[in-house]
Amino acid sequence: VLLIYKQWYQRRVRGIVKLQKSPNKNQALKDMYSLAISRFSLPGEAGFPLNAVYAKPQGNDVEKMRSYLTQCRQELGQRMVEKVFGNSDTPSKWWTCFSRRKFMDKTLTPLGQQI
């Protein structure tokens, strides 16, 4: 679940798209942090794209999973900023070219919601 989720988050779910729109590296770090702590769907919830594949977490596991995925999103966001911006204050066009591609033809954003 984690590898697939991180790929979606990185490619399609705002990750690189959000970085592409950030004016500088510091703002990108702030944007990625706020994105990481924003509410998101877990397996079994309406907005999760692979509900047919993954079982819904039970009981206390729901909060543990949400906490773990939030931590993963924060770490991935920091690493993405370092890769996309490097030592410059503008995003690399090479990295941002991936913002237009879908991963497994799925998206983690609900239909009709803007990225």
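Predicted model: local features only at pLDDT ≥ 70, side-chain atom pairs only at ≥ 80, totals over all residues.
## Contact separation

Residues are numbered from 1 along each chain as its sequence is written. Local features need pLDDT of at least 70 and side-chain atom pairs count only at pLDDT 80 or more, while totals for chains, interfaces and linings use all residues; side-chain values use heavy atoms, with hydrogens and water left out.

## Secondary structure and surface

The chain has five helices and zero strands, in the sequence order α-α-α-α-α. Helices (H or I, at least four residues) and strands (E, at least two) are DSSP runs, numbered from the N terminus.

Of the 115 residues in the chain, 35% are buried, that is, under 20% relative accessible area with a 1.4 Å probe, protein chains only.

## Packing of α3 against α4

Helix α3 (residues 25-37) packs with helix α4 (residues 61-85) at an angle of about 160 degrees, their axes lying 8 Å apart. Axes are lines fitted to C-alpha atoms over the stretch in contact, and angles run from 0 to 180 degrees between N-to-C directions. The angle therefore makes α3 roughly antiparallel to α4 (over 145 degrees).

Residues making the contact include Leu29, Met32 and Tyr33 of α3 and Arg73, Met80 and Phe85 of α4. The contact residues divide into 10 nonpolar, four polar and three charged; Ala, Val, Leu, Ile, Met, Phe, Trp, Tyr, Cys and Pro count as nonpolar, Asp, Glu, Lys and Arg as charged, and the others, Gly among them, as polar.

How values were computed
Buried < 20%, exposed > 50% of the residue type's maximum accessible area, 1.4 Å probe, protein only. Parallel < 35°, antiparallel > 145°, perpendicular 65-115°, else oblique. Contact = heavy atoms within 4.5 Å.
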